[in-house]
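Dear colleague,

Please find below the structure that I am handing over to you, together with its sequence. My notes on what was found follow directly after it.

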Amino acid sequence: MAVKAPQDALTASWLAVRLGSEPRKLEAMRRAGELIAFRREGSTEYVYPLWQFDEDWRPLPAVSRVVRAGREAGLSDDRLYAVLNARAGLGGNKKLGEALRGGRIDHVLRAVRAATP
């Protein structure tokens with residue numbers, strides 16, 4: 001299930017340049033559950049949402065917990081991103097990914113665990 005990429009996400013090649021890293025290192029981090037990535041509609045390349053990084057471009061510590069919870073729930077990378085791109089609550093436009101960045105880790109983990117594949 002491919003999804004459309006938002007404006008606040010970078011391809012592995014762009015992110016690697018920004019981080020001074022290699023795309024293969026990002027791929028290893030994604031596979032290890034240290035980063036969240038998804039595929040754009042019609043593409044085989046992974047895209048990395050920017051909300052999972054702090055101001056110094058380090059992955060947020062809670063990202064690995066969220067990925068682990070998603071994998072335990074049987075969610076694919078694309079489905080996990082779709083869950084995190086959903087609204088964080090009924091009364092606003094904030095996304096769960098933004099809630100994660102804002103420190104609402106337990107709220108995000110509950111939503112991920114409740115999601116169905």
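A residue is called buried if its relative accessible area is under 20%, exposed if that area is over 50%, and partly exposed in between. Trp-57, at 24% relative accessibility, therefore counts as partly exposed. Please keep in mind throughout that this is a predicted model.

The sheet

Strands of a sheet pair through backbone hydrogen bonds, either parallel or antiparallel. In this model, three strands form an open sheet in the order E1-E3-E2, and their pairing is antiparallel. Strand E1 (9-11) and strand E2 (38-39) are the edge strands, each pairing on one side only.

Strand E3 covers residues 46-49 and is joined to E2 by two bridges. Across this pairing, Phe-38 stands opposite Val-47 in E3. E2 and E3 form a hairpin with six residues between them, and Gly-42 in the turn has a positive phi of about 80 degrees. On the E1 side, E3 pairs with E1 over three bridges, again in the antiparallel sense. Here Ala-9 has Pro-49 in E3 as its bridge partner.

Both faces of E3 are covered. Tyr-46 and Tyr-48 are buried on one side, while Val-47 and Pro-49 are buried on the other. Tyr-46 also has a charged neighbour: Arg-30 lies over the face of its ring, at 3.8 Å from the ring centre.

The aromatic pairs

A pair of aromatic rings is described by the distance of the centres and the angle of the planes. How many such pairs does a search of the whole structure find? The search finds two aromatic pairs. The rings of Phe-38 and Tyr-81 have their centres 3.7 Å apart and their planes at 15 degrees, so this pair is stacked. The pair links distant parts of the chain, as Phe-38 is in strand E2 and Tyr-81 is in helix H4, 43 residues apart. Both Phe-38 and Tyr-81 are buried.

Phe-53 and Trp-57 form a tilted pair, with 5.9 Å from centre to centre and 40 degrees between the planes. Within this pair, Phe-53 is buried, because its relative accessible area is 2%, whereas Trp-57 is partly exposed.

Most residues other than glycine have a negative phi. Trp-57, however, has a positive phi of about 65 degrees although it is not a glycine. Trp-57 is found in the loop between E3 and H3.

The cavity

Rolling a probe the size of a water molecule over the atoms shows where empty space is left. The structure holds one cavity of 30 Å³ or more, and the volume of the largest cavity is about 40 Å³. Which residues line the largest cavity? The lining consists of Arg-30, Leu-35, Ile-36, Ala-37, Val-67, Arg-71, Asp-77 and Leu-80. Five of these lining residues are nonpolar, none is polar and three are charged. Helix H3 (63-72) and helix H4 (77-84) each supply at least two residues of the lining.

A residue in a loop

Arg-104 lies in the loop between helix H5 (96-101) and helix H6 (105-114). Its relative accessible area is 44%, so Arg-104 is partly exposed. The C-alpha atom of Arg-104 is separated by 20 Å from that of Arg-71, a residue 33 positions away along the chain.

Yours sincerely

Note on methods:
Residues numbered from 1 in each chain as written. Predicted model: local features only at pLDDT ≥ 70, side-chain atom pairs only at ≥ 80, totals over all residues. Heavy atoms only, no water. Pairing = 2+ DSSP bridges. Helix = DSSP H or I, 4+ residues; strand = E, 2+ residues; numbered from the N terminus. 1 Å grid on protein atoms, 1.4 Å probe; cavity = no way out; pocket = protein on both sides within 12 Å on 5 of 7 lines; lining within 4 Å. Points joined across faces, edges and corners; volume = space filled by probe spheres on them. Nonpolar A, V, L, I, M, F, W, Y, C, P; charged D, E, K, R; others polar. Phe/Tyr/Trp six-rings, centres within 6.5 Å; stacked < 30°, edge-to-face > 60°. Buried < 20%, exposed > 50% of the residue type's maximum accessible area, 1.4 Å probe, protein only. Lys NZ or Arg CZ within 6 Å of the ring centre and 35° of its normal.
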